[in-house]
Amino acid sequence: MDRLSPQLLIETSRTVARLGVTAQDFDDTAPADSSAGRAHVARTSSWDTKFVQSCGYWAHYDHDTQSSAWPIPVDLTTEELYHFGEAHDALHAIPESGDIFLQYVEPLGAFTHSGVVVDVLDAVRMDGGRVYDVRTIEGDIDDYGRLGGGQARRARRRLYPNRGDCFLRWSRLTCESVRRARLGPTVS
């Protein structure tokens, strides 16, 4: 499988959420990332990021080659997802279905939460810019969409690009371009 599909990420995320997977169950499902020789999502990334990364990894997994076309390194934290998107010119202020949203918390000066954008419901002008109401699927929230709830659930979020929130459009990346960027320029 070499085509990246936002719809595959959405459907995989929906399925995992419908199954009622919790943070405790989730760590047991992490695969070995043979290309990196370390445990998949082994670092201290939060469960919401692990949820997004694992759903993306498995949605693009090819059993024949025993590899995934998922272009994002699977062990990144939410903050590192932002830097990854910035380095690959994949951050956007306008959401699309299948994007990964990155929520910025001004008092902390950091990106603290991520999830999958399912639908863009509305865009309104507010606070000097556009604000987006989106339907999402997220890990580590409760029935009311509050962080730290330990569940994978659907939610409705209002995201503010003018306050730092952004959208990682991973579907336009390729594993090869990401690999080349990690290795740096080649010498001929």
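Let me start with a term. A residue counts as buried under 20% relative accessible area, as exposed over 50%, and as partly exposed in between. Keep that in mind. Everything here comes from a predicted model.

Take Arg135. Buried, exposed or partly exposed? Its relative accessibility is 28%, so Arg135 is partly exposed. Its partner is Asp119. The two form a salt bridge, with the closest N and O atoms 3.1 Å apart. Asp119 sits in strand β7, residues 110–126, and Arg135 sits in strand β8, residues 129–141. The pair therefore ties together parts that are 16 residues apart in sequence. Asp119 is partly exposed too, with a relative accessible area of 28%.

Next, Arg158 and Asp133. Their side chains meet in a salt bridge, at 2.8 Å from N to O. Where do the two residues lie? Arg158 is in strand β9, residues 151–159, and Asp133 is in strand β8. That is a link between distant parts of the chain, 25 residues apart. Now the accessibility. Arg158 is partly exposed, with a relative accessible area of 33%. Asp133 is buried, at 8%. The cut-off for buried is under 20%, so Asp133 falls below it.

Stay with strand β9. Arg153 forms a salt bridge with Asp143, and here the closest N and O atoms are 3.3 Å apart. Arg153 belongs to β9, whereas Asp143 is in the loop between β8 and β9. The two are 10 residues apart, and again distant parts of the chain are linked. Arg153 has 29% relative accessibility, so it counts as partly exposed.

How many salt bridges are there? The count comes to 10. Some residues are joined in a network. Glu96, Asp99, Arg169 and Arg172 are linked this way by salt bridges.

Last topic: helix α3. This helix covers residues 47–59, which makes 13 residues.

Let me name some of them. The buried residues include Trp47, Phe51, Val52 and Tyr57. Asp48 and Lys50 are also among them.

Methods. Residues are numbered from 1 along each chain as its sequence is written. This is a predicted model: local features need pLDDT of at least 70, side-chain atom pairs count only at pLDDT 80 or more; totals for chains, interfaces and linings use all residues. Side-chain values use heavy atoms; hydrogens and water are left out. Helices (H or I, at least four residues) and strands (E, at least two) are DSSP runs, numbered from the N terminus. The expected span of a helix is 1.5 Å times one less than its number of residues. Buried means under 20% relative accessible area, exposed over 50%, partly exposed in between (1.4 Å probe, protein chains only). A salt bridge is a side-chain nitrogen of Lys or Arg within 4 Å of a carboxyl oxygen of Asp or Glu.
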